[in-house]
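Trainee: I'd like to walk through this model with you, one question at a time. Please show me the sequence and the structure to begin.

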Amino acid sequence: MEYKRLDFGQYFIDTSKDWTKTGRARFPMKYKTVTFSYKLLGFIPVKCSADWECHYEKDRNVIQVNFEQSRGFFDWVINLLFSEKAYDEFIWHNPEKDKDEQIQLKASKGWMKMYQAMKKPVKTAIKKEIAKHPDAEIEIIGWSLGSGQAQFAAQDVFWSLDKQPYVYTFGSVKPWRGGKKVRNYLKHTYKVCYNFMHKNDIVTYMPCFFGFFAMNPTKLGRFNFFKLFNPHKWHTIYYDNDLYKIFK
């Protein structure tokens, strides 16, 4: 079966539990929660959670994985842990140069910790669906905080399961850090990737430090400095399919 993509706005509506109340959600999104502990300031233990879901869509022959946005105080604590940390290091064969390269992945600390907490159950769920539907495509979706988790999952699916997913994220953050070699490697981990970032969405500038990036940053709209201070509107506008006309 040929892969059939949904309208981009539909992905946002579904993954956000129809945050903007459009009434167009295809189904009620039911996230699973993984709890983990984090020591704030190195010694204050706090309990955090990571939220994800995985399901199969028969009509499109697609395994879809979703990651939830921030929904509590400690999610915002995780969001603000911007310091760079080593994520993984390995040898990768670059098909363009036909040579092995050493890849050192680095990532924003908080988002990395969150993905590591749910990494095992997420991969187990995807493997089960692949076993039942070996020819299915994989979609990985996320909004806001979930956009960072989706990017980690895309790399993980490629490296661990030898699958290139379709990746669609909204209000996308920049979880990765690295140079040209790392950026080139990450471009090989997906079939298609859109990390949608409205130019007036302040969240998409996070972390606002040199060297952090998204897999495939995709800018939307026209920039207006003063609109950056209205995230209630511009961080939730991704339901509007008119934003994506250029990509159809």
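Trainee: Over the ring of which residue does the charged end of Lys219 sit?

Mentor: Before we start, note that this is a predicted model, in which local features need pLDDT of at least 70 and side-chain atom pairs count only at pLDDT 80 or more, while totals for chains, interfaces and linings use all residues. Residues are numbered from 1 along each chain as its sequence is written, and side-chain values use heavy atoms, leaving out hydrogens and water. A charge sits over a ring if NZ of Lys or CZ of Arg is within 6 Å of the ring centre and within 35 degrees of the ring normal. Lys219 has its charged end 5.1 Å from the ring centre of Tyr205.

Trainee: And how far from the ring centre of Phe8 is the charged end of Arg5?

Mentor: Here the charge belongs to an arginine, and the ring to Phe8. The charged end of Arg5 sits over that ring, and its distance from the centre is 3.9 Å.

Trainee: How many aromatic pairs does a search of the whole structure find?

Mentor: Rings of Phe, Tyr and Trp (its six-membered ring) pair if their centres lie within 6.5 Å; planes under 30 degrees apart count as stacked, over 60 as edge-to-face and the rest as tilted. With that rule, the number of aromatic pairs found is 27.

Trainee: What kind of aromatic pair do Phe170 and Tyr244 form?

Mentor: The pair links distant parts of the chain, 74 residues apart: Phe170 is in strand β7 (residues 166-170) and Tyr244 in the segment after α6 (231-234). Helices (H or I, at least four residues) and strands (E, at least two) are DSSP runs, numbered from the N terminus. The centres are 6.4 Å apart and the planes are at 85°, which makes the pair edge-to-face.

Trainee: Is Tyr244 buried or exposed?

Mentor: Buried means under 20% relative accessible area, exposed over 50%, partly exposed in between (1.4 Å probe, protein chains only). Phe170 has a relative accessible area of 0% and so is buried. Tyr244 also has a value of 0%, so Tyr244 is buried.

Trainee: Which ring pairs with Tyr194?

Mentor: Tyr194 belongs to strand β9 (residues 192-198), and its partner, 53 residues away, to the segment after α6. The centres are 5.4 Å apart and the planes are at 65°, so this is an edge-to-face pair. The partner is partly exposed, at 24% relative accessibility, and it is Phe247.

Trainee: Which residues point the other way from Val62, Gln64 and Asn66 in β3?

Mentor: Strand β3 (residues 62-67) has six of its six residues buried, so the rest of the structure largely encloses it. Both faces are therefore covered. Opposite to Val62, Gln64 and Asn66 point Ile63, Val65 and Phe67.

Trainee: In which sense do β3 and β6 pair?

Mentor: Two strands pair if DSSP finds at least two bridges between them. Strand β2 (residues 44-57) joins β3 through six bridges and runs antiparallel to it, with Cys54 opposite Val65. On β6 (residues 137-143), Ile141 stands opposite Asn66 of β3, and the six bridges between β3 and β6 are parallel.

Trainee: Which residue in the turn of the β2 and β3 hairpin has a positive phi?

Mentor: Four residues lie between the two strands, and one in the turn has a phi of about 55°. At 9% relative accessible area, that residue is buried, and it is Asn61.

Trainee: At which residue does α3 bend?

Mentor: Helix α3 (residues 109-132) reaches 35 Å between its end C-alpha atoms, close to the 34 Å expected; the expected span is 1.5 Å times one less than the number of residues. The bend is the angle between axes fitted to the seven residues ending at a residue and the seven starting there. Pro121 follows within four residues of the bend, which is about 50° and falls at Lys119.

Trainee: How many of the residues of α4 are buried?

Mentor: Helix α4 (residues 145-161) should span 24 Å, and its end C-alpha atoms are 24 Å apart, so the two agree. Just after α4, Asp162 takes a positive phi of about 60°. The helix is mostly covered, and of its 17 residues the number buried is 15.

Trainee: Which peptide bond is cis, with omega near -10°?

Mentor: Look in the loop between β9 and β10 (212-213), where Pro207 has its place. The cis bond runs from Met206 to Pro207.
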